Each structure stands twice: as C-alpha cells, then as structure tokens.
Amino acid sequence: MPPRVGDIYSVYSNQLRQYVACQVTALKENSERKGAQLAAVLQLDWSGDALPQASELGAMRPLVPDFFFWRDKHDHAYASAEVPAAYTLVGNIAPLVLDDTTTHGHWNAGDTLYHQRAWEQIDVTRRQRFKAASGDVQVTVGGHVLRQDTTRIDDTVLQSVTDFAEFDHLPCLMHIHTEHGTQALIDYVNRQPLITELLWRSSQVAELDLRASHLDRLSIDATGLAKVLLNRDLGVLILRGEISPQLQLHSEAEGRVLVLSGSARLPGFAGLDHLAGLSLSALSEIDLEGVVQRFPHLTYLQLQGKPGTVSNLSAIAGLAQLQTLMLHDLFGYTAEQFPAPQKLSRLSTLWLSSLPLDVAQAVRKSYKKVVAQGLDLSVTQPRKPAWLAENLHNPFRDWDGREQISTAQAKKAATAYKTLLSATRAIDASMDAEAVQATLSAMVAAYVTTFNQLDARGKLIGTVESEEIHAVLAGCLRELGTHLADTDGLLAQFDRLREF
C-alpha cells in the first residue's frame, strides 16, 4: 500500500540494535518516472527495543543532528514512495515538519540517528574544537602549513612528523591515507574518536588491531597481512592486494553491520561469517553458489562485471535475508534461472543493468506486481547477442589487468576488435570480389595501425600479445570463408605492416 502523508514507519537498525522511526511528510510526482511518486521522509529522534505503540507516536520528535558538519538541520529528503519491505507502518499523525525539502536521498532510517548518538559519546571539548575550527586559520604540522579545519592527511604530512601529538592542531582530522603506516599510527588512530576513515597500504605491520577505533570506513592492502581485528561498528571494509586464504578478519559483530568491497573475485579469508553486505567489481566470472555458501546472511549484494559471466545465479534464492540486489554487466544466465519474486520475499531494491535481453523482459514482467507492493525495481540496458559477441566475448577483454597494459590501452585493443568485427559483418556475397578485397585490405591496415601505435607508446606487446592479435584477425577472416576472403594474402599484409 502506498504511503500517506503523516504515516510513521519503523524498521530495525542493525547499527543501533533497536527499532527506529521516520515519517512521510509530503508526496509529489516523480519527474523522472512517469506515474511514480516521491515521498519526503523525515528521520525521527526515537528508538526502542520493539516496534512503537500507538501511544508513543504523539511524543515523537524530528531528529535534529549536529554531528561533524551537520548544523542543526533536519534529516529530511525525498526518496522513492515505494516503501521498503522491511519497514512497518505503525500509525499516522500530523506531519512533524511542514517545510518542504530540496534534498533527495533514500529511506535509510537509523543511519543518521546512529551517527548522532556516536557523536554525543565523544568528549564535549573535542566536539567544540571541531565545530570552532576555521579555514581562515593556519597551523603548522610537521613543517607544513595547513588550514585548521583540514580533514584529510597523507604520507606527505605523516612522514614529516616525529610526534603524532602535532595532529592536535587539526581538530577536524577525520581521514588518514598512508602507504608507510606503523604500529604507532595504529595506536594513534585507536585513541582518536573523530578519525572515521583509514586507507592503509603498508608492509610494515603484519597484524592490525583496530578494535578500539571509531572507523566507519577502512581500505587496506591485504598483501602480507595475517590478521585484522576490526572495530565493531565498522561500516565499509575495502580489500585490495593479494589476499591470503589464511588471512583472519575478526569483529565482535562478525560483520553484521559491515559491507565488504573487493574486485576481480570473491576474496578468500577466515571470519566475518555473518557479513551483511558484499560489493564486488571488475568480475570476469563469479559462482553465486560459492557466495551464498560463504556469506548466507547477506542483506545487500552488489556485483559488477567487466563484463563477466555468472554461474548458479538461482542460488541467490538461498539468501533469506536479502533486501538489496544489484547486478551490472553480468551474463551467462537465463530468465528461467532468475529467482521468482516469492523466492526473494524480503527484497526491497532490485537494480539490474546491462543484462541479457530475455532476462530483462522476464524480470519486468514477473516483478511487476511486486513493484506495486513497494519494490524499487530498475531494469536497464538489456543486451542482445550481438552486443555480447563484441563485449563479453571480446578476445582483448583479458588485457585489462595485465602488468604492462593500462586500462586505457586495453580499451583501445577491445575497440579495435569491435571495429574488425563490424567490418567483417559488412561483407556479404552480393559484393564483387574487387570491392571485398579493397574493404578487407583497408580493415587489416586499420587494425594493424592501432596496435603499432599502442606498442610505440609503451612497448606493451610481447610474444603472447602478438600471437593473440594475429589469432583474432585470422579467426575473423576464417569466419568469412575462402570464397570471400583471401585469408593468406591478408595475413601476409598484416605481417608486412606490423611493427611489433
């Protein structure tokens, strides 16, 4: 049922480990989606161990956060009027705020209240110094002149200080990025409740103990790491580098409020058995059976290919608590393998983009009724088989990630293949032999020129790459057949022109 103005909804917050509440204060048409509405959602300053009773609604008040850079302003934003499935309608009272809002966001009840409660636990003197810091005031730290309200430092400053007490001149310091971190820096982070983000790329410490920190976001290069002890309320963990299967990741909550982010593959490590969220990018392939077995308690799953292929997609029906599913640039599955709505009963957000055409059509049809019940559904960029041939099966797709080849160079190689494929597809038996030969000769010349230019700029083409470039051309010519293409002559032209 769509919300009404004045409706109060409650949902359980994993961060606060209590129920929280919000109110719909207004409704308006969604200019980006015909026939859809937006709801102005106001976060309330209330939490409890159970859903609120009707008698409690009259005492509820808007949340007025002032943590970090908030300045006593309501958390009031327009979101999709499709109420997430996890939210429970508990009553209706007159809107607690009459002013409209120009902000757009999400429901996310509890997030702001959690951060406000955490802020209130910080020593009042620290909070006052944070609020009083000015960009017009300059301070000197490690010989560097910085604004007093500086929020982020990196090794440029870190390597120039001998005593971390100098950072007391930076009352707004929240983010630290380092490639040369030491145990002393970890000890400092653990003592600073205002530091919420740490980017760690260091080989000097084999074990990280961050249990006493107040980090919300941690990015680490796990190469060489044996153990990481995480603070209970960490929100995002980004893993990079070579991740050993023996790596141990521990948190008191076992990842119940944590989103883990990585790339290329499902990372192997011990711990975080109750992980709440998983986000993987640049995937060439992914087996969802393995994902579900490793992390059966996921409420959030986001997977992005480069593009890539999925196996055992139907296994996601085993994620009984899944609320958000986002898939992009992933293929290799059919409409029949995509779970029916009743198998993902708690799903509130389903965003699919760059997916097989038949799957896109089937999902739009089968999930249509669930949208009316509140599902936030987006299905875009359906791909036809021809697109898959050019992209998913692009023979130069694997160049991206090779040590000597940049992402930009890999994209140029992939584009050269697409151009080659388009040219060969344009050839047919109705063309006279002379026109065919001229077209194919120009095609080969353009193809070789692309790789000559790439190699001249970086000497990236070795024996393996050279053989791959040759094999791709030979394969395209073979598909045309000898009655259309002088394969031997065109390959001889390729050998004469190439400079790699």
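What share of the contacts in the protein chain with a separation of 6 or more is accounted for by residues 24 or more positions apart? The share is 49%, where a contact means heavy atoms within 4.5 Å.

## Basis of the description

This is a predicted model, in which local features need pLDDT of at least 70 and side-chain atom pairs count only at pLDDT 80 or more, while totals for chains, interfaces and linings use all residues. Residues are numbered from 1 along each chain as its sequence is written, and side-chain values use heavy atoms, with hydrogens and water left out.

## Overall features

The protein chain holds twelve helices and 21 strands, these being DSSP runs numbered from the N terminus (helices H or I, at least four residues; strands E, at least two). Its C-alpha atoms fill a box of roughly 85 × 60 × 45 Å along the principal axes.

Of the 500 residues, 48% count as buried, that is, under 20% relative accessible area with a 1.4 Å probe, protein chains only. The accessible surface comes to about 24,200 Å², and 48% of that surface belongs to carbon and sulfur atoms, as computed by the Shrake-Rupley method with a 1.4 Å probe.

## Strand 3 and its partners

Strand 3, residues 37-48, is mostly covered, with nine of its twelve residues buried. Strand 3 runs antiparallel to strand 2 (residues 18-29), to which nine bridges join it; pairing requires that DSSP finds at least two bridges between two strands. Here Val-24 stands opposite Val-41 of strand 3.

Strand 3 also pairs with strand 4 (residues 76-80), again in the antiparallel sense, over five bridges, and Tyr-78 in strand 4 is the bridge partner of Ala-40.

Methods
Buried < 20%, exposed > 50% of the residue type's maximum accessible area, 1.4 Å probe, protein only.
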